[in-house]
Amino acid sequence: MRSNESLARAQNCYVSQRFLMHTKQSALVSTRAHILDGSLGSGRAPCGKAFCWCHSGIIYTDQQRSLSKNAIRNNFSRFVADSMPGSAMDLCPLSRGKKLVHLDLKGAPPKINYFHELIHLFADLGATGILVEYEDMFPYKGELKILQSNTHPPYSREDIISIQEIAHSRGLEIVPLVQTFGHFEFVLKHSTFRKLREVNHCLGTLNPHSKQGVALVLEMLHQVMELHPKSTTLHIGADEVYMLGEGEESKEWLSIPGHSINKLFLRHITTVAKGIREHYPSLSVIMWDDMLRSMTSDTIKDSGLVGLVQPMLWDYSPVLDVENNIMLMEKYKSAGLLQQWAASSFKGSTTVHTCVTSTQRHVDNHLQWLKVASGLSSGVELQGIALTGWQRYDHLSVLCELMPLGLHSLASCLQCLLHGSFTEEAQKKVMEALGTGTTEVGDIERLSQANTRAYPGMKLAEIIVQLTVLLESEELRHFESSLYVRGWFSPYHRQRQIINPLFAEQIQKQAKMFLEAVEFKVHEVQQEMCLLYPESTVEEWIAQHVTPVRKPLQDLLKDIHTVLEDMGLFIHESASHSGN
C-alpha cells in the first residue's frame, strides 16, 4: 500500500487533471438542464421531483385573463425600465421582505452543535428566519412517539429549545413546517396508521374523510407549537396530494353532484386551518400553493379558506415563467388571499441524486423571482420568500446535496435578494462571508484559496467535491469497458472462469490504483462527515455515491483472484486485500 502522503499527492494530481474536463461536462449538463427546464414548464415540487414539472394551471374568464395580462405587461415594462441599480429594484418586496432559510430534516439531520453553527451562519448571510421541516426528527410524545426516527436519534426537547434560543438571539424567527395532507409518508408508513391512507399503496396522502386523521394532524401541530411558544407563523405544507379522490370514501363523496377533487382538497385544508385558528387565533398559517393552481378564484373564495392561510408559491426553475407566476399571484389576490409568499431553491431541486450544488442555477432562479415580485400589483401583500434546501424529494428517496455543498449557493442567493441582482459587490460579500475564493462550491481550484476564515463544513465540502470528480471520471465509471477488461476478462471469461494471467496483472494494477485513490478520499469524507452528521447519514451517503462505483471494481478483483487461484497461480497479497 502507498503511504498516505504519496496517495494524497497522487489523488490531488489526478483530481486537478480531471477538473477541467469535469467543469466542461458540468457546463454542458447545466446547459441541457436549462433547456429542459424551459421546455417542461414553470416549476417543480417542493420535494423537487423531476416528474412534477408542469405548466401551472390557471383558470380565468376571458375578461379576467385580458385584464390580468394587460396589468402584467404594464408592471413588467416598468420593472425592465427601472431595474438599474438605485431604482425600483431597491424597493423590491423580496429585497426588503422576510427571507426564510428552509431546513429539511427528513434526511441528513445535522448534529445539534453543527445545527447551532448553521443558525449563526444563516444570520451572518442575511436571513431573517428559518423554516424548519422537522418530520421524524421532532420529539413527538405519547401515542405519536412512533413517528420519531429510528435511523438516528431525533432531537430532544432541550435541543428544540436551544435551536430557538440561538435563533432568537440572532434575530431569526423559527417557522415550523408540518405536513398535514400530502407528503405524509413518515406517518402513514407505520402500520398503526395504515388505515388512514387515501389508498393503501400511496404512503403520502391522508384520507380526508377520516376524523381520526384530522385529530392526528391537529395533535401533531399542537405538540410542535407547544415547543415553539414564540413562533408567530406555522407552515402546514399541503403540496402534492397524490391520488386524492381515488379512495373508496372519496369516490362516494365525489359521486354527489357539485362535489369535485378541488372542493375535497379545500374541505380538508379549511378544516385543519380552522382547527389551528381555534387553538392559536393569532398564528399566521402558510401553505404550499400547487394544489390551488388549477382552481378558479371563485372556488377558492367560496371555500372559506380566505383569511385562514397565506399561499406560498414555489417555483425552482432557473428559467421560471415570470408572467405565469404573476398571474397566479394576481388570481390569489382576486380570491381574497392578499398575503402571499414566494419559495425559491438554493439546493435539492436539480435532480434526485445531485451531490454538488450549482450556484448559478439557483441564482438564476432568484433573479427570476425578483422579476415576478417587481411585476405585481400593489394589492398583493408579498410577505417574503423561503429559500428551500430540500434534502430528499420525499421521505423514502435518496439524499440530495448535503448542506455544506449548498452554502455557496445559499449565500449567493441571499446576497442576490439583498442587492437586487448578483453584482460584483454581492459576489465579493459571499466570498468574504464564507472565506473562499469562489461562489461555486464545485470550483475546487479556488474553493480553499487563502482567507482569514472558513464556513462550517467547508472542509467536508472540499473533500466531497474532490471525491465526486474522481467518482464521475470516465476512466473509473467505465472501467469495465476498458481495453484489458473487455478483451481478456469479459462476462464470458468470468462465466467460464478463464483469464490470461499476463493481462490479469494489468487489470489488477489499474483496479487497485483506482480503489486506493477512492478509499483514501472516502476515509477523509467519513472522518469529516462524522463531525457534522449522524453515522447513519455517513453510511447512507457512501452507499449512495461511492458503492455503485466501488463495488464493481471490488467484485472484478475478487473474480480475478478466484480464477487465478483455481489455475494454481500465485496471488499478490495486495490484490487479494483490495478485492475483499
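Modeller: A quick definition before we start: a helix here is a DSSP run of H or I, at least four residues, and helices are numbered from the N terminus. Keep in mind that this is a predicted model.

Colleague: Got it. Where do lysine 251 and glutamate 248 lie?

Modeller: Both are in helix 8, which covers residues 248-254. They sit three residues apart, about one turn of the helix.

Colleague: How do their side chains meet?

Modeller: The side chains of lysine 251 and glutamate 248 form a salt bridge, at 4.0 Å from N to O.

Colleague: Is glutamate 248 buried or exposed?

Modeller: Exposed, because its relative accessibility is 62% and the cut-off for exposed is over 50%. Lysine 251 has a relative accessible area of 42%, so it counts as partly exposed.

Colleague: How many salt bridges does the structure hold?

Modeller: There are 15. One of them joins aspartate 124 to arginine 170, with the closest N and O atoms 2.8 Å apart. That pair links distant parts of the chain, 46 residues apart. Aspartate 124 is in helix 4 (residues 112-125), while arginine 170 is in the loop between helix 5 (157-169) and strand 3 (173-177).

Colleague: And how accessible are aspartate 124 and arginine 170?

Modeller: Aspartate 124 is partly exposed at 43%. Arginine 170 is partly exposed too, at 32%.

Colleague: What about helix 21?

Modeller: Helix 21 runs over residues 547-566 and holds both aspartate 555 and lysine 551. They are four residues apart, about one turn of the helix. Their side chains meet in a salt bridge of 2.9 Å, N to O. Aspartate 555 is partly exposed at 29%, and lysine 551 is partly exposed at 41%.

Colleague: Which residues are linked in a network?

Modeller: Asp104, Lys106 and Glu133 are linked by salt bridges.

Colleague: New topic. Where does serine 210 lie?

Modeller: In the loop between helix 6 (185-188) and helix 7 (211-226). A polar atom of the serine 210 side chain is 3.0 Å from the backbone nitrogen of glycine 213.

Colleague: Why does serine 210 count as buried?

Modeller: Because its relative accessibility is 13%, and buried means under 20%.

Colleague: Last one. Where is valine 469 found?

Modeller: In helix 15, residues 458-471. Valine 469 is at 2% relative accessibility, so it counts as buried.

Colleague: How far is valine 469 from valine 356?

Modeller: In sequence, 113 residues. In space, 10.0 Å from C-alpha to C-alpha.

Methods:
Residues are numbered from 1 along each chain as its sequence is written. This is a predicted model: local features need pLDDT of at least 70, side-chain atom pairs count only at pLDDT 80 or more; totals for chains, interfaces and linings use all residues. Side-chain values use heavy atoms; hydrogens and water are left out. Helices (H or I, at least four residues) and strands (E, at least two) are DSSP runs, numbered from the N terminus. Buried means under 20% relative accessible area, exposed over 50%, partly exposed in between (1.4 Å probe, protein chains only). A polar contact is a pair of N or O atoms within 3.5 Å; within protein, one must be able to donate a hydrogen and the other to accept it, and residues adjacent in sequence count only if both atoms are side-chain atoms.
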